[in-house]
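Dear colleague,

I am handing over the structure below, and after it you will find my notes on what was found. Please read them with the model open beside you.

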Amino acid sequence: MKKFGIFYGSSTGTTADIAEKIAKILGVGSSDIHNVNATSPSAVGDYETLIFGSSTWGSGDLQDDWYDFLDGLKAVSLPEQKIAIFGLGDETMSDTFCNAVGKIYDAAKETGAKIVGAYDTEGYTFDHSDAVRDGQAVGLLLDEVNHPELTDRRLRGWLNTIAE
């Protein structure tokens, strides 16, 4: 089983770019980076740690390609794997910031995998996010619209916690 598999959905290319940055930091090859629109959910079984990424759209929705992938993921049992989630949003959408992370988290919990990579929300400005549970984000929240200068630092700090 390979250490890391990165799975993302991307409409504009920004989430794909972040997936590539993550791969570079972790030393993950391109064959282990998967666009969910062209990947079977069964591919997740090849990895110890899964990294899922999505942007948030509209009124807090997942990126479109994730819906079918998550439906298929419900049939997969992953008690030996870990799942970490990252998401992109716009803090000015302060009632739905990075909601996609929360939606993926809810689906991922059903697989039996251990969810890793919770992240502190200090330094963010938003009113509500489905990604926040008990005062902490269930994954990494990124705002490439308003705060791209924070992305690299946040990515490295977050990846250190899941790469252990």
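Leaving aside neighbours within four places in sequence, Ala-19 is in contact with Ile-6, Tyr-8, Ile-33 and Phe-86, where contact means heavy atoms within 4.5 Å. Ala-19 is found in helix H1 and counts as buried, at 0% relative accessibility; buried means under 20% relative accessible area, exposed over 50% and partly exposed in between, with a 1.4 Å probe and protein chains only. Between Ala-19 and Arg-156 there are 137 residues in sequence and 13 Å in space, C-alpha to C-alpha.

A word on the basis of these values: this is a predicted model, in which local features need pLDDT of at least 70 and side-chain atom pairs count only at pLDDT 80 or more, while totals for chains, interfaces and linings use all residues. Residues are numbered from 1 along each chain as its sequence is written, and side-chain values use heavy atoms, with hydrogens and water left out. The mean pLDDT (the predictor's confidence in each residue, from 0 to 100) is 95, and 100% of the residues reach 70 or more.

As to the overall fold, the protein has four helices and nine strands, which are DSSP runs numbered from the N terminus (helices H or I, at least four residues; strands E, at least two). From the N terminus on, the elements run β-α-β-β-β-α-β-α-β-β-β-β-α. Buried residues make up 52% of the 164 residues, and among contacts between residues at least 6 apart in sequence, 75% join residues at least 24 apart.

The largest nonpolar core has 53 residues, of which Phe-7, Ile-51, Phe-52 and Trp-158 touch the most other members; such a core is a set of buried Ala, Val, Leu, Ile, Met, Phe, Trp, Tyr and Cys residues joined through side-chain atoms within 4.5 Å. Among the elements that give two or more residues to this core are strand E1 (2-8), helix H1 (14-26), E3 and helix H4 (151-162), and H3 gives the most, with six residues. Not counting residues up to four places away in sequence, Trp-158 touches Ile-22, Ile-51, Ala-84, Ile-85, Phe-86, Gly-117, Tyr-119, Gly-139 and Leu-140.

The structure also holds eleven aromatic pairs. Rings of Phe, Tyr and Trp (its six-membered ring) pair if their centres lie within 6.5 Å, and planes under 30 degrees apart count as stacked, over 60 as edge-to-face and the rest as tilted. Phe-7 and Phe-69 form a tilted pair, 5.9 Å centre to centre with 35 degrees between the planes; because Phe-7 lies in strand E1 and Phe-69 in helix H2, this pair ties together parts that are 62 residues apart in sequence. Phe-7 is buried, at 0% relative accessibility, and Phe-69 is buried at 2%. The rings of Phe-97 and Tyr-124 have their centres 6.1 Å apart and their planes at 50 degrees, so this pair is tilted. Phe-97 is buried, and so is Tyr-124. Arg-154 lies over the face of Tyr-124, at 3.8 Å from the ring centre, the criterion being NZ of Lys or CZ of Arg within 6 Å of the ring centre and within 35 degrees of the ring normal. Finally, Phe-7, Tyr-47, Phe-52, Trp-66 and Phe-69 form one aromatic cluster.

With regards
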